[in-house]
Amino acid sequence: MDMESTDNQFWEKYRFHLSLLGIGVLVYFNSLFGAFVWDDIAQIQQNNLIHSLSNLPHLFLGSTYAPQSGDGGAGTYYRPLMSLVFSLIYPISGAAPFLFHLVQLTIHIVNAILVFLLFKKIVKDQFAFVLAIIFLVHPLNVEAVSYISALGEPLYVLFGLLALLRFQSKNTTKQAILVSILLLCSLLAKETGVVFLVIIFAYYLLFARKQWRLLTVLGMTVVPLITYLFMRLAVAKVFVERIPDVPMMTAPLVDRIFTMPAIFWFYIKTFFFPNELFILQLWSIPRPDERFYLPLVLLLLVLLGLLILAVWVWKTNKHNLSAFIFFTVWFLVGIGVHMQLIPLDFTVADRYFYFAMIGLLGIIGVSFYNIRGVSPQLKYVGMTCIILIIVVLSVRTIVRNTNWENGLSLYSNDLQYQQNDRIQNALAIELTNAGRNTEANQHFKTLLARNPREPALYVNLASGYEMEGKFQQADEVYRKGLAVDDSGAVYVNLARMLLQREGKFSQARDVSEKGIEKFPQNGSLWVIKALANYKLGDKQNALKAAEKAKEILPNPAMEQFYNSIVNDTPL
């Protein structure tokens, strides 16, 4: 067999896979050069936990953010496999985001190939390929691909799809163990991986009751869930907590119920018309009005449409009904876990639809595949429309990738779609970092006028004045913020400015002591107190404060800080 023949066979066998790879690289190429934005700063750049491979065991002992104390990370998310991927990349690339983007894009492309393999079991290869392309290039998925801190989304879907495809193969003990491990990995990548437990069971009921025993299926789904809960609750002690300043997490159940139809309709509308894409959506509908009734009617119409489609599929081709039901379950489960029955940190988010989109595409695929007797002319028109749709979606995705290039471009673009204090604050911070302090301060002043009891805004505005060398104005803003400081952040920043920028050691010590009275477990205040006392020549009290800081923040940096005071090393 000659080389050309071998190449032809390889292309014939993998042409769809390679085409998806090429399309994915083409459409997402510009995303590879984006900066760290939004939570990337805290979860990657400032997260010492992922900066060294020696910390790998600790990734399973806490949440995803840098630890405030102890060995595990801080926060309310338990996604150790996501952190594990970060920790494997960081020693290679350091604080450069390119490799992070490349890995995330690779996972997304692999997911598109797995979606193709899933769909081709139900429809023809060419039709499955089209559906996989739409999943690959759809703008709603940009957030899950271009936003590094959203890695958990494609990662849990990767493990879940692998588990499902393995479940579809032979019934053996080895396969059952492998499926269980993959399901556990899906859960450890993101808690939303629980949806694949439902999908596996739905697939069993619809397609595989003769292939697998019920007890085996229960075992391969329940064991990963119990293992995950044990690791999260007993080992890492990461519990479900309500974040106070997140509207959906503080809203009563009745408010969230009134918001549910609008959430459902948001995803349907944005899937078909992805023109307005933006982050930090924190809206709610606390009472029944037109924002509730209209989406409710549209929701009922969508559900009625699914029922009519199911009846039509059953009457025209009963063999496709099981597939239609399966993907309907997939879609409803995927969108259902994001309907705020369990409060989430955002009302809606583009990345939340990543899993559900596969179910919706499956519904569309089975429905169109069920059509028979189409004329060649109509097929030609249909193919032309599909190509145009894919081109339009691809262009919208490329444009959305440019928004994620850096914080300034992202926040500037997304702020135009809504008055959002968090986006405006993030934009102002980016303007400060870019040295555009006058513009930034205008944003901070506007935000403070609307939110006079938000401590972070005082810190941000005062920090801008600091960078301009306007220390008196910064001091005034900080001292106004002390009245509403709820975490010690204002005290920390005022004391730091007095200590480092102005050399007012006595004042820095006094401010840190007042802060410690209100926030005795704030390690940063103890560090500043130790430094101020050391600069004032009071080594004894400096050592006491450093000892306390080391107790609150037990890490090598604090140990070194303490030893520097002991050994009279210049600080």
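In the grouping used here, Ala, Val, Leu, Ile, Met, Phe, Trp, Tyr, Cys and Pro count as nonpolar, Asp, Glu, Lys and Arg as charged, and the others, Gly among them, as polar. Keep those classes in mind as we walk through this structure, which is a predicted model.

Helix 16 gives the most, with 10 residues.

Now follow helix 16 to its partner. Two packed helices are described by the angle between their axes and the distance between the axes. For helix 16 (residues 376-403) and helix 17 (residues 407-415), the axes come within 7 Å and cross at roughly 115°. On the helix 16 side, Arg 400, Thr 402 and Asn 403 take part in the contact, and they meet Ser 409, Leu 410, Asn 413 and Asp 414 of helix 17. By class, this contact has 1 nonpolar, 4 polar and 2 charged residues.

In soluble globular proteins, nonpolar side chains tend to be buried together. In this model, the largest nonpolar core has 179 residues, and Phe 167, Phe 196, Trp 330 and Phe 353 touch the most other members. Helix 4 (residues 98-119) gives the most to this core, with 11 residues. Leaving aside residues up to four places away in sequence, Phe 167 touches Val 179, Ile 200, Tyr 203, Tyr 204, Ala 208, Gln 211, Trp 212, Val 217 and Met 220.

Finally, compare two single residues. Is Ser 87 buried or exposed? Ser 87 counts as buried because its relative accessible area is 0%, and the cut-off for buried is under 20%. This serine is found in helix 3 (residues 80-93). Not counting residues up to four places away in sequence, Ser 87 touches Ile 50, Leu 53, Leu 56 and Leu 59. Asn 433, found in helix 18 (residues 421-433), is exposed, because its relative accessible area is 57% and exposed means over 50%. The C-alpha atom of Asn 433 is separated by 9.1 Å from that of Gly 464, although the two residues are 31 residues apart along the chain.

Definitions and conventions. Residues are numbered from 1 along each chain as its sequence is written. This is a predicted model: local features need pLDDT of at least 70, side-chain atom pairs count only at pLDDT 80 or more; totals for chains, interfaces and linings use all residues. Side-chain values use heavy atoms; hydrogens and water are left out. Axes are lines fitted to C-alpha atoms, for helices over the stretch in contact, and angles run from 0 to 180 degrees between N-to-C directions. Helices (H or I, at least four residues) and strands (E, at least two) are DSSP runs, numbered from the N terminus. Contact means heavy atoms within 4.5 Å. A nonpolar core is a set of buried Ala, Val, Leu, Ile, Met, Phe, Trp, Tyr and Cys residues joined through side-chain atoms within 4.5 Å. Buried means under 20% relative accessible area, exposed over 50%, partly exposed in between (1.4 Å probe, protein chains only).
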